[in-house]
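Please keep the sequence and the model open while going through the points.

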2 protein chains.
Amino acid sequence: MTRADPMRYLDAVAGRALDRPPVWLMRQAGRYLPEYRAIRSEVGFQDAISDPATAAELTLQPMRRFDLDAAIIFADIMTPLEGMGVSLTFDPGPRLDSPLRSASELTPFDAAHVAPTLEALRLVRGALDSTKAVIGFCGAPFTLAAYLVQGSGSKDFLTARAMLADPQSGFTVLLDTLADAMADYLIAQLDAGADAIQVFDSWVGLVSRDDYRRVVMPSLHRLVTRLEGRGPVTYFAPGTSHLLDLVGSLPVDVVGVDWRLPIVEAWNLVCGRDDSHVNHPSSRRAIQGNLDPAILLAGPEVTAAHVTEILDLVDGHPGHIFNLGHGLTPDTPLDSVAALVEAVAAWPAHAGEIDITETAT
Amino acid sequence: MTRADPMRYLDAVAGRALDRPPVWLMRQAGRYLPEYRAIRSEVGFQDAISDPATAAELTLQPMRRFDLDAAIIFADIMTPLEGMGVSLTFDPGPRLDSPLRSASELTPFDAAHVAPTLEALRLVRGALDSTKAVIGFCGAPFTLAAYLVQGSGSKDFLTARAMLADPQSGFTVLLDTLADAMADYLIAQLDAGADAIQVFDSWVGLVSRDDYRRVVMPSLHRLVTRLEGRGPVTYFAPGTSHLLDLVGSLPVDVVGVDWRLPIVEAWNLVCGRDDSHVNHPSSRRAIQGNLDPAILLAGPEVTAAHVTEILDLVDGHPGHIFNLGHGLTPDTPLDSVAALVEAVAAWPAHAGEIDITETAT
């Protein structure tokens, strides 16, 4: 990588000053793209993940259409669990043949089962130029456990919440088992060429503050500390306004935040600034977010206006990665996505006020 | 009502000191009760609501089985909308024949359509003794609008969120129209014998802080100010840890909180105390909550332990109404509900430390 071609995503993670933040979008490889639907009309979801060329192609599709700074590998958070004795189908969400009741039903993590995903990572890393980041990912222990014990998707994941409340349920062992397996999986992804990792804790917003601190956080520490020195880690946990200060104490590099709080308020909570008069947050953690993906349904003009509003709030502060506050939805208009990416590129409104000296290594 | 038989629920709303808090449970008239399932196996959901005797019977069933301090009328938040030109079925959630796009598609509130609910309120008030409260309810404008424009239940209500972001969408007019109609509906319920009102804002936790303040709160003010001097109002909005200080500025008597924050932290946010060292919250607002309903699935012992933990946190502070942080779920064991009610009755552990002088009028 030359000084002329820095990787914007990693520069932002490192807190370097940039002329604009990097931008990528959760679920950017997805059903809103006609070229995605064309492939998926021929290939099932699990088959697409299991075939490295197809998974790489789906990963690269949004990179060709939009000037995005990172690609996230096409896979599912349940993918590694299928190699651990979990039998499931997608319809479209994961559905287990029978809900898991104990960690003892899981077999050890099997790298062979995720070989297609690792090969797809190699293909994607080889296909993209060095300015673009490739992101690997996994589900966080709580979110995986919630699916496993519920047996399917759910709006409330009652079984996991009941087990959290019951010290006799064995839930802690399940979380630790999943943390160890996901650490192995993420290390394999970094070894295969991923530049960074994102841990998705999609459903932990259902957990009380006490349970998060007492039961969930130890498993996250167990997972994340295994990755120290190997690559930057983003932790994304939507619906966790009640947990953001605790999230900020996790040893991760980036915290992804949803749209519920203004980005600077969320950033201040993550970084332990409870003085609401502070306009510019601490840069102890990079922040990823936080446009509501529903806004793109209102069209390109409304989208661009809200993108600019977020960028104005951040005001060029180093350590911002532009993203949504949740995944792109299937009905998203393509021109809204284009308007989003263009609005990020059109920033800064205040270029003269920030240091845009190149500091990339 | 004599001094010997005060209405415990209204005493708590008024912030009077009590030997124990009142207790009732959201969705206490529901599918977890065998006697409810017996009736519903013969009578459909909408038919049960439309028949005053059946609605009253379903309302009273949990009052016979458990020593609860309040009954909430059996109806649905969509019930009054069916008289406003909205055609829908339940399967089991509401599903509109076609999603609403504009407030102009709604006809004015029609008291005749809700006559069965008003008659059921009269029957229930007549059947219960004067120590028990009867609670009427409605859906909050945002939550009703979210269903109307989505056309069904949803985990993300994307259409409403997109309309919120778009000043041209007419969403504000829709919220105001619903606020006016619900005010009429609630006044009719109070006139029919309801002692108090609860406004359910089940999905507003999806809304950003800025949108809540800018668009949603004005409609809530519009609704709630119509009720001033007519009866106490509870506002329940789960998943709103990012909004609780704003909720605390609404002119309501009681705020219902979910299980995500410890009850005293939630109470402090609602009442504007951001000093986390304060153990005993201000009593400017009564607080209703906040046991996670999932905990009841773990059985009576786990349930009782968590009930006592909440009561210990509140420590006899006046203005607490014991409830769940969300509705009872269909799989809830009856003995967990019994254990909950008994654990509230078995409190106080610290009776000597609080003023239990009768101050009821």
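1. Basis of the note. This is a predicted model, in which local features need pLDDT of at least 70 and side-chain atom pairs count only at pLDDT 80 or more, while totals for chains, interfaces and linings use all residues. Residues are numbered from 1 along each chain as its sequence is written, chains are lettered from A and ligands numbered from 1 in the order in which they are written, and side-chain values use heavy atoms, with hydrogens and water left out.

2. Extent of the chain interface.

3. Links across the chain interface. The rule finds 4 salt bridges between chain A and chain B; a salt bridge is a side-chain nitrogen of Lys or Arg within 4 Å of a carboxyl oxygen of Asp or Glu. Arg209(A) forms a salt bridge with Glu265(B), with 3.7 Å between the closest N and O atoms. Helices (H or I, at least four residues) and strands (E, at least two) are DSSP runs, numbered from the N terminus.

4. Domains of chain A. The assignment, which is automatic or taken from a database, gives domain 1 (29-65 + 69-249) and domain 2 (257-361) of chain A. Their centres, taken over C-alpha atoms, are 24 Å apart. In this pairing, 16 residues of domain 1 are in contact with 17 residues of domain 2, and the two domains bury about 1,300 Å² between them, 65% of it on carbon and sulfur atoms. Tyr32(A), Phe236(A) and Leu244(A) lose the most area on the domain 1 side, together 43% of what that side buries. Across this interface the rule finds 0 salt bridges.

5. A buried residue of chain B. Is Gln198(B) buried or exposed? Gln198(B) counts as buried because its relative accessibility is 0%; buried means under 20% relative accessible area, exposed over 50%, and partly exposed in between (1.4 Å probe, protein chains only). Gln198(B) belongs to strand S5 (residues 196-200) of chain B. Its side chain makes a polar contact of 3.0 Å with that of Gln288(B). A polar contact is a pair of N or O atoms within 3.5 Å; within protein, one must be able to donate a hydrogen and the other to accept it, and residues adjacent in sequence count only if both atoms are side-chain atoms.

6. Salt bridges within a chain. Over all chains, the whole structure holds 38 salt bridges. Asp69(A) and Arg20(A) form one of them at 3.0 Å between the closest N and O atoms, linking parts of the chain 49 residues apart. Both Asp69(A) and Arg20(A) are buried. In chain B, Glu119(B) and Arg122(B) meet in a salt bridge of 3.0 Å, N to O. These two residues are separated by about one helical turn, because they lie 3 residues apart in helix H5 (residues 115-127) of chain B.

Notes
Contact means heavy atoms within 4.5 Å. Buried area is the accessible area (1.4 Å probe) that two parts lose on being put together, summed over both.
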